[in-house]
Amino acid sequence: MRSNLRGVGAAAAATALVAVVAGTWFGYQQLAGPSCSGQIQLSVAATPEIAPAVKGAADQWVKDGAAVGDTCIAVNVTPAESVEVAATVASKHGATLAGVGQASGTAVTPDVWVPDSSTWLLRLKAGGATAFAPANGASIARSPVVVAMPEPVATRLGWPDKKFTWTDLLAQVNSSKPLHAGIVEPTQDAAGLSGLLSLTAAASSAGGTGSPQAREATIGALRALATNSSRLRQDLLARFPRSSEPTAVANGLGAAALSEEDVMAYNATKPPIPLAALYLDPPPAPLDYPFAVLPGIEPAKASAAKVLFEVLTARGFKSRLAAQSLRAPDGNWSEGFKALPGAPSPAGGNTAAPAGQGAAGGLDPTAIQKATSTWSAVTLSGRMLCVIDVSGSMKKKVETAGGATREQVTVAAATQGLNLFDDSWSIGLWTFSTKLRGSQDYREVVPIRPLSSNRGAIQRGLATVKPSNGDTGLYDTLLAAYRTVQQDWEPGKVNSIVLFTDGKNEDDNGISRKELLAQLRKLRDAEQPVQVIIIGIGSEVSQAELKSITDVTGGGAFVTADPTKIGEIFLQAIALRPPAPR
């Protein structure tokens with residue numbers, strides 16, 4: 001948690017008496033009164049580094065007589081990590097966030113949420129929270145995302161005089177003597193996600209967007225980051241060198257995407273080797289601290305929240321932010337903010353945004369989803385059986401794919417996905433139709449084995465996949481695949497089936513859907529789960545049919561009318577895997 005890095009600075013900020021200038025804005029004058037009866041309890045969850053500033057301003061507001069009409073307002077500000085609140089909100093609204101995990105059973109959704117980044121709000125919406133429409137969402141603070149380096153490493157690379165780009169960093173990470181770069185798990189950390197987006201954008205442009213060289217550069221960068229990734233920020237910070245000895249510097253962490261506030265808080269502890277903050281071009285999305293009034297709160301609370309926002313965007317709040325090493329929403333700072341060497345002027349546009357506006361307008365939800373999905377696929381290990389439909393309908397041409405068949409598009413997506421997985425994965429390959437081997441609807445092409453010895457066999461097996469003249473024997477195949485994956489279930493990995501199909505079950509001689517679901521319920525073992533991911537292609541697929549299966553097994557059913565989208569869907573499906581059992 002960032003709050004653990006405060007030390008003396010936190011105590012000073014918590015006790016500082018910086019007055020909020022009262023009565024200078026219309027809303028405050030309207031709602032504050034000399035006397036009141038009753039009380040509104042407004043709960044605010046704020047990310048730890050900004051919580052002292054929010055609490056200080058809210059306490060002063062309450063002390064000065066905060067009220068709605070004749071009703072007093074009490075504001076309870078609680079420090080809460082953004083990922084924890086996101087998990088709670090996702091659970092309440094039926095959303096799934098890659099890599100976030102389950103909400104605590106005791107967690108309660110606040111009235112107002114101040115996460116560290118608007119990316120959380122976008123991810124919730126993109127993750128299925130269709131009814132999630134928080135009011136406001138404008139920024140109340142800002143902290144640029146930088147690349148933190150031990151000063152000796154940064155100096156060797158030309159800091160603070162040289163201006164660095166993300167392409168420069170990518171070259172260092174992928175060089176023959178690579179810089180030891182790390183990252184806080186980007187599915188759980190907004191600064192890590194911002195850095196990941198910038199680095200993958202630089203990698204995707206290498207040799208042309210979408211080219212094999214770009215994919216290779218992206219995968220190489222992600223695997224390099226994964227080597228030194230951490231789920232907790234303080235654990236990552238502990239990997240920076242703690243001695244000026246050349247060996248310690250060489251073996252320690254050499255670079256990580258962090259917020260400017262992270263670097264300032266770390267250096268405030270007077271470490272043996274301070275961190276330099278590199279402000280790379282193009283500037284990544286900053287932490288923008290949106291003020292989100294969550295849906296469903298009562299009108300009186302909504303009115304109180306509206307005026308609290310005015311309190312937190314008044315001029316005096318800048319001083320509270322400066323005490324927490326944070327900037328105002330427009331990128332400027334107040335007296336007491338100690339800018340880091342090399343920090344660009346706020347007037348330069350590198351950190352600024354229109355006052356009161358968040359960063360969400362400049363963020364692409366699709367890019368965020370793709371980045372988190374690719375990260376999960378590249379960095380998590382698993383055991384998977386890939387099952388591909390080879391029924392006669394897979395011969396159909398795909399207009400959006402230059403006339404390639406559904407089968408060719410599917411095989412291409414599977415082949416590209418294979419390149420994401422490292423040798424810790426175990427993968428097998430089946431095909432299915434009807435009566436592929438006598439009366440059997442499925443055929444094992446390659447058994448499930450570690451890719452360290454199986455990658456070539458899988459590649460050759462994919463090259464042999466061709467449509468048959470049969471129908472779709474979905475139910476018999478899926479049951480057999482489930483039994484096969486469960487039989488040699490491997491602990492410490494997510495054991496899964498990924499099945500591609502373009503039709504409904506058409507095997508009149510096989511089991512019924514009712515029988516399939518009954519068998520799956522009997523086989524299902526909470527101690528040895530097998531997740532089923534079904535990717536439906538084309539208009540003939542029944543979403544309800546596929547979902548009825550994955551509702552029993554866990555996993556997900558994804559359907560697209562455009563087969564060229566299955567590569568993107570495959571990434572999303574892999575990213576939604578639950579954490580591996582311990």
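Visitor: What covers the buried residues of α20?
Guide: This is a predicted model, and in it the cover over the buried residues of α20 includes the helices α18 (474-487) and α19 (513-523) together with the strands β16 (531-537) and β17 (555-560).

Visitor: And which residues of that helix are buried?
Guide: In α20, which spans residues 543-553, the buried ones are Glu545, Leu546, Ser548, Ile549, Thr550, Val552 and Thr553. As background, an α-helix has 3.6 residues a turn, so residues three or four places apart point the same way.

Visitor: What follows α20?
Guide: Gly554 comes after α20, and the phi of Gly554 is positive, near 90°.

Visitor: Okay, stepping back, how many helices and strands are there?
Guide: The protein chain has 21 helices and 17 strands. The chain is made of 582 residues, and 52% of them count as buried. If you look at contacts with a separation of 6 or more, 79% of them join residues 24 or more positions apart.

Visitor: What about the surface?
Guide: The accessible surface of the protein chain is about 24,400 Å², and carbon and sulfur atoms hold 52% of that area.

Visitor: Now the inside: which residues have the most contacts within the largest nonpolar core?
Guide: Those are Met149, Leu169, Leu278 and Phe421, in a core that has 69 residues. The element that gives the most to this core is helix α8 (residues 190-204), with 6 residues. Apart from this core lies another, of 58 residues, including Ala46, Ala86, Ala292 and Leu308. In general, nonpolar side chains in soluble globular proteins tend to be buried together.

Visitor: Can we zoom in on Leu278, what does that residue touch?
Guide: Setting aside residues up to four places away in sequence, Leu278 touches Val146, Val147, Met149, Ala154, Trp159 and Phe164.

Visitor: What lines the largest cavity?
Guide: Its lining has 15 residues, and those lying nearest the centre of the cavity are Trp166, Leu169, Gly182, Leu225 and Ala257. At least two lining residues come from each of α7 (166-173), β7 (181-184), α8 and β9 (255-259), with α8 giving the largest share, 4 residues. By class, the lining has 12 nonpolar and 3 polar residues, and no charged ones.

Visitor: And the second largest cavity, what lines that?
Guide: Its lining residues include Met384, Cys386, Phe421, Phe500 and Phe570. The elements β12 (382-389), α16 (406-418), β13 (426-437) and α17 (451-463) each supply at least two of the lining residues, and α16 has the largest share, with 3 residues. This lining divides into 11 nonpolar residues, 1 polar residue and no charged ones.

Visitor: Is Gln188 buried or exposed, and why do you say so?
Guide: Gln188 counts as buried because its relative accessible area is 17%, and the cut-off for buried is under 20%.

Visitor: Which residues is Gln188 in contact with?
Guide: Leaving out neighbours within four places in sequence, Gln188 is in contact with Val83, Gly99, Val100, Trp120 and Arg231.

Key
Residues numbered from 1 in each chain as written. Predicted model: local features only at pLDDT ≥ 70, side-chain atom pairs only at ≥ 80, totals over all residues. Heavy atoms only, no water. Buried < 20%, exposed > 50% of the residue type's maximum accessible area, 1.4 Å probe, protein only. Contact = heavy atoms within 4.5 Å. Areas by Shrake-Rupley, 256 points an atom, 1.4 Å probe, with all protein chains shown as cover. Core = buried A, V, L, I, M, F, W, Y, C linked by side-chain atoms within 4.5 Å. 1 Å grid on protein atoms, 1.4 Å probe; cavity = no way out; pocket = protein on both sides within 12 Å on 5 of 7 lines; lining within 4 Å. Nonpolar A, V, L, I, M, F, W, Y, C, P; charged D, E, K, R; others polar.
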